[in-house]
Structures are given as structure tokens and as C-alpha cells.
Amino acid sequence: MRKFLELFVKPKRWIWLVIAINFGGVIYGWFYYEYQLLSSPPHLWIFIADCPNSALLVAISLILIARNRKSDILSFFASCNALKYGIWTCFVILLYHYYFLSPERRLLYSCMFISHALLALEAIPLAYTVKFDRRYIITLFWLLLNDFMDYTIGTHPYMPLEKIELVTGFTVFLSFFSFGLCYLLSYHR
């Protein structure tokens, strides 16, 4: 396990491949949200494309780590967001499997399930690189603000709306869980 965690502590050449893959996910993710973004006011866009934005934050954090210019607050923020939205997407795909994994959508959403599981996984070693500072509590406020925007203002991704209370509750739980796990990884590194 320690070797796995050290992958982000001691950057190697492979880190540029991970960065490139994340940038690919960012571009595809923004394309995926195209219709929702275009039908929403620009001031809400930051609350809509959660997963691509999380992948972008991870990529920027990794670039800084690779160049020995690491930003702990950015890495912590990226870790919490990547963990939360990676798990959230996998949960929603499984919860609404009849919709997302129907024969005409199965290939796309199977790939999205895998890519988002990997997004959540890469958050763990990234959080391990951080030395926690209590000012990072702002991350939790951001996650909860995003939950408010998603389920009160309606910026959550397009999905079936039955069981939306379950999704809302799980999303808020994930905000605390992601922050807590990243805190434990960073605080006890």
C-alpha cells in the first residue's frame, strides 16, 4: 500500500500520462455537459460540470507536483472533489442502471463508470501528499454549497428524478465522507 501512495509523492514519468488522461476526461466531460451548460446561465456553470472540473483540478495538482511546486490547498481541494464526484457518478449509474446501462447506453456509461471509479481512486494518493491545514475547511463549505446548488437550484446532472431524495442525502453524506477521508489521509501522512 505504501508503494501505491508514494506514486504521487515521488513523481515519475508516468505522471504525465495520468495528467494527459485527466485532460482528456476534462474535454470529454465538458462536451458531455454541453447542452446543460448552454441551457443554463454562465454564472451557474461552475456548479454544473463537477466531474470534469474535478479532473481538471487533479491534473493541475499533478502538474504542480511534477514540477516541484505543489500547492497543498489545491491538492486537498482536488482530492475531496475527485473522491466525491467519482463515487457519486458510480453510485448514480448503479442506482439508475435501467436507464444508464440500457442496451443503447451501456458502452458509454460502462466506460464512464470505470473512469469515475479511477477518478475517485486517484484522489487517495493525491490527498496523501498534502499536509493538512485547518484553513482547508473551506473545501467542505464548497462541497456543501455545491450540494445546495445541485438540489435546490437544480444544477445537478440530467438523470431520472425518482429517488432524488436518496441521491440528495447520499450526496451530502459524500461531502462529509470525502472531506473526512482526505483529512485523515493528509493529517496522518
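Predicted model: local features only at pLDDT ≥ 70, side-chain atom pairs only at ≥ 80, totals over all residues.
## Helix 4 against helix 7

Helix 4 spans residues 50-66, and helix 7 spans residues 106-128. Their axes come within 11 Å. They cross at roughly 35°. The crossing is left-handed.

On the helix 4 side, the contact is made by Cys51, Ser54, Ala55, Val58, Ser61, Leu62 and Ile65. Helix 7 meets them with His116, Leu119, Glu122 and Leu126. By class, the residues of this contact divide into 7 nonpolar, 3 polar and 1 charged.

## Helix 5 against helix 9

Helix 5 and helix 9 also pack together, at an angle of about 145°. Their axes are 9 Å apart. The crossing of this pair is right-handed. Their contact has 17 nonpolar residues, 5 polar and 1 charged.

## The nonpolar cores

The largest nonpolar core has 35 residues. Those with the most contacts inside it are Val58, Leu62, Phe76, Cys80, Leu126, Phe179 and Cys182. Six named helices each supply at least two residues of this core: helix 2 (14-32), helix 4, helix 5 (72-95), helix 7, helix 8 (138-153) and helix 9. A second core, of 13 residues, is separate. Leu95, Tyr109, Val167 and Leu174 are among its members.

Leaving aside neighbours within four places in sequence, Phe76 is in contact with Val130, Phe132, Tyr136, Thr139, Phe179, Cys182, Tyr183 and Ser186.

## Ser186, a buried serine

Ser186 is found in helix 9, which covers residues 164-187. Its relative accessible area is 3%. Buried means under 20%, so Ser186 counts as buried.

What surrounds Ser186? Not counting residues up to four places away in sequence, Ser186 touches Phe76, Ala127, Val130, Lys131 and Phe132. The side chain of Ser186 reaches the backbone oxygen of Tyr183 at 3.1 Å. Ser186 and Ile73 are 113 residues apart along the chain, yet their C-alpha atoms are separated by 11 Å.

## Loop residues

Ser40 lies in the loop between helix 3 (34-38) and helix 4.

Asn68 sits in the loop between helix 4 and helix 5. Asn68 has a positive phi of about 55°, although it is not a glycine. With a relative accessible area of 70%, Asn68 is over the 50% cut-off and therefore exposed.

Lys163 belongs to the loop between helix 8 and helix 9. Lys163 is not a glycine either, and its phi is positive at about 65°. Its relative accessibility is 45%, between the 20% and 50% cut-offs, so Lys163 counts as partly exposed.

Key:
Residues numbered from 1 in each chain as written. Heavy atoms only, no water. Axes fitted to C-alpha atoms, helices over the stretch in contact; angles between N-to-C directions. Helix = DSSP H or I, 4+ residues; strand = E, 2+ residues; numbered from the N terminus. Left-handed = near helix turned anticlockwise from the far one by under 90°. Contact = heavy atoms within 4.5 Å. Nonpolar A, V, L, I, M, F, W, Y, C, P; charged D, E, K, R; others polar. Buried < 20%, exposed > 50% of the residue type's maximum accessible area, 1.4 Å probe, protein only. Polar contact = N/O pair within 3.5 Å; in protein donor to acceptor, adjacent residues only side chain to side chain. Core = buried A, V, L, I, M, F, W, Y, C linked by side-chain atoms within 4.5 Å.
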